[in-house]
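Thanks for coming. Let me put it on the screen.

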Amino acid sequence: MNAKPVALTTGAGRGIGRAVVLELARLGFDIAANDVVFEPSDRTRGLFEVKERAEALGARVVAAGGDVASLDDQERLVAEVLAAFGRIDVLVNNAGIAPEKRTDILETRPESFDRVMAVNARGAFFLTQRVAREMIRRREAGETGPLSVIFIGSISAVVSSPSRPEYCVSKAALSQTAALFADRLAGHGIGVYEVRPGVIRTEMTAPVKDTYDRRIADGLVPQGRWGEPEDVAKAVAALASGAFAYSTGAVIE
């Protein structure tokens, strides 16, 4: 079995997922990085740019393609990680999508709702279920090191945005998923946490940058600035370290 702890992060090719991978590599983790976009020839951006950066930090890295909305892809992903490392110590459920188009809640289409829920909520639920079973197997075999599952949620779990209701509903479901798994896995010594970002500068928020620039300038955020992916990654790294073992179920705003 791999000597170093292993962190599996979904949606690792950009934004928050990319920052999480690099922060965990700095912390001493080996890395399994997943993304639905899988282009080995492109080392300038995406999953394989992240892979090279993490390797430069001393991590062994497996880059794995796959759509977390697909249970078949999930099974292949977990099998690939276990074949490479023999373990998963931290699962970071980061993969998430926004609606392709913002629309009034009265005009939300079932196709958009189903697509967003499949990735943001259903995918994370069943991937956690699969990885949790493997973590429990290790506990029952007598392993005692830190094990954790970290969900990247959103302030949209509790703040209404009627122009993107499917995203809000998916993040509310994800928040409850984190609470449920925290309850179920606590007895096995597996920590489960939700990190709930607010206004973070990513490709997802780029289309509304000007709006939030103005709102931040007007006092929307007490710190007076955008959040950066690295801000979220540092919170994930702290939780992944095992330092908050008695705080399972915590939500980090």
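Before the numbers, one definition: a helix axis here is a line fitted to the C-alpha atoms over the stretch in contact, and angles between N-to-C directions run from 0 to 180 degrees. Keep in mind that this is a predicted model.

I'll start with α4 and α5. Helix α4 covers residues 110–140 and helix α5 covers residues 165–185. Their axes lie 8 Å apart, at an angle of about 15°. Angles under 35 degrees count as roughly parallel, and α4 and α5 are therefore roughly parallel to each other. The crossing of the two is right-handed. Which residues of α4 and α5 make the contact? On α4 they include Phe113, Val116, Met117, Ala121, Phe125 and Ile136. On α5, among them are Tyr167, Val169, Leu174, Phe181 and Leu185. By class, this contact has 14 nonpolar, 6 polar and 2 charged residues.

Now the other pair, α1 and α2. Helix α1 is residues 15–27, and helix α2 is residues 47–56. The two axes come within 9 Å and cross at roughly 15°. By that angle, α1 and α2 are therefore roughly parallel to each other, and α1 passes α2 in a right-handed crossing. From α1, the contact takes Arg18, Val21, Leu22, Ala25 and Arg26. From α2, it takes Glu49, Val50, Arg53 and Ala54. How do the residues of this contact divide by class? There are 5 nonpolar and 4 charged residues, with no polar ones.

That is the item; questions, please.

Notes: Residues are numbered from 1 along each chain as its sequence is written. This is a predicted model: local features need pLDDT of at least 70, side-chain atom pairs count only at pLDDT 80 or more; totals for chains, interfaces and linings use all residues. Side-chain values use heavy atoms; hydrogens and water are left out. Helices (H or I, at least four residues) and strands (E, at least two) are DSSP runs, numbered from the N terminus. Angles under 35 degrees count as roughly parallel, over 145 as roughly antiparallel, 65 to 115 as roughly perpendicular and the rest as oblique. A crossing is left-handed if the near helix is turned anticlockwise from the far one by less than a right angle, and right-handed if clockwise. Contact means heavy atoms within 4.5 Å. Ala, Val, Leu, Ile, Met, Phe, Trp, Tyr, Cys and Pro count as nonpolar, Asp, Glu, Lys and Arg as charged, and the others, Gly among them, as polar.
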